[in-house]
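The tour below moves from one selection to the next.

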Amino acid sequence: MKENIQFLKKHFVTDISAGLVVFLIALPLCLGISLASGAPLFSGIIAGIIGGIVVGFSSNSSINVSGPAASVALIIFTAIQTLGSFEAVLVAVIFAGFLQIALGYLKAGTVAYFFPNAMIKGILASIGLILILKQIPHAFGVAGAFESVESFTNYDGSNTFSEILKIFYEISYGATIITIASLIIIIGWDRPVLKQFAFFKYFPSALAAVVISIFLNEFFKVYFPDFALESSQLVNLPVAESLGDFAGFFQFPDFSVIGNVEVYTIALSIAFIASLESLLSTEAGDKLDPYKRRTSTNRELKAQGIGNIVAGLVGGLPVTAVIVRTSANVHAGGKTKTATITHGIIMLVCVAAIPVILNLIPLAALSAVLFVVGYKLTSVSIYKQVFKQGKKQFLPFIITILVVMFTDLITGIIVGGTIAVFFILRDNYKNAYINEEKVHKESENKRVLKLAQETTFLNKADIMLFLDHLPEDSHLVIDGSDAKFIHHDIYEIIDEFKETAKYKNIKLEIVNLDRTLHTKFWKKQ
């Protein structure tokens, strides 16, 4: 515990800075998802606040950021039509939360360990691409562009590419200038030569871009009114005239519908989609974590469940862990849960105290921030790296990207996972060995993990759990002497454990693990 407190103190300033960046990114997304759901605009803000504070405290993830997600927007939109009111849908959100807590206690979170790494990388890269494509309209000042980053088709029937085409006849030169200026600030701010100075190191580049963009737009209003942005090109928060008005933004569940069977059907749908996205985001977040910490997926389900119960009680949209915000948190320097909690607190304070100032923020500046986050998720080096790992890694990776880009996140998970499983089953058929993991304990502190003749990603959960439960100051030997085939996911688990071993003071020996084994099938083709 003492070490944890020291770790929190060490990264406190950078985590506060990261929380500010995540807040700037989350704010317009919360509003956009509310719009897509057909729910009150403030319901997305409530979900963002709860995702940051309530889920942030309840989860044991150090970097996950939760809030409303576009994957649940269509369910909410349909549910409002079915049940007749948003207040009735809130009852389903509460029951979905209880279902998630039950799933956590039933240890359903271990399903996340079976997500193939190629699929997770594909999801991250596709989110990066969609993030860039979805923000292009905002960057060029297209009014009313959709905020979602998780589906190809928007709720109004438009899609990613039709929105981009609008820039040819709706371009705003003021927004374009702000986007370019913001990109220059963000990229230049993070140069090593400037990071030598404390101000540039701790003051977020994204916040600097946002502040300068506000002044730039105010300058346009005075000297170049044709370049000044319209209200639809700015953040658009509801503004309360008094404390009573602000309290009125919160809505409460209508428990009179508790006998309606449709409520429970909707609750099941919300629980399933929200849990699936949360588990995927958690696995993806652990991959991005510079310290390679392992999040308890069962506890994450419970935390998301608690968040959804609270959200349903006070008028919020369903909450899930969200990949975009999590990746933005990591790339902004977030190291502990202080960052995600900070983003929730800042959102609460700002929407209550200074909504008028927030409504001065150009969406173009926020697009520039998301362009940088998106590029880091889908840089060319990632594609090269996965391609070098062989066909069995690259095909699920690239297919996942294409499916997510042209459908939605959930479909991408299903298709990408299916492709990855196909390769595993084909390998099992060709090699036909009994797949057993053997763990020997030679002494009180020394253990030997002997990999079977064929070790696939189906062994992933057992190996991860075994490594996670190794005590500090122990001695582990990983022996691949008998292995004929070792899946790439197993190599990645071992690579990540090398970092964990350093922090837990575990002596690690690796014997006879040939990294070319997992590409043999590729070479035979």
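Buried means under 20% relative accessible area, exposed over 50%, and partly exposed in between, for a 1.4 Å probe and protein chains only. This is a predicted model, in which local features need pLDDT of at least 70 and side-chain atom pairs count only at pLDDT 80 or more, while totals for chains, interfaces and linings use all residues. Residues are numbered from 1 along each chain as its sequence is written, and side-chain values use heavy atoms, with hydrogens and water left out.

Select Lys502 to begin: this residue is exposed, at 61% relative accessible area. Lys502 forms a salt bridge (a side-chain nitrogen of Lys or Arg within 4 Å of a carboxyl oxygen of Asp or Glu) with Glu499, the closest N and O atoms being 3.6 Å apart. Glu499 is partly exposed, at 30%.

Next, select Arg294 and Glu496, whose side chains meet in a salt bridge (3.3 Å, N to O). Arg294 sits in the loop between α14 (261-288) and α15, Glu496 in helix α24, 202 residues apart. Which of these two is buried? Glu496 is buried, at 11%, whereas Arg294 is partly exposed, at 25%.

Finally, select Glu163 and Lys166, another salt bridge (2.9 Å, N to O). Glu163 is buried, at 5%, and Lys166 is partly exposed, at 22%. The whole structure holds 11 salt bridges.

Note on methods:
Helices (H or I, at least four residues) and strands (E, at least two) are DSSP runs, numbered from the N terminus.
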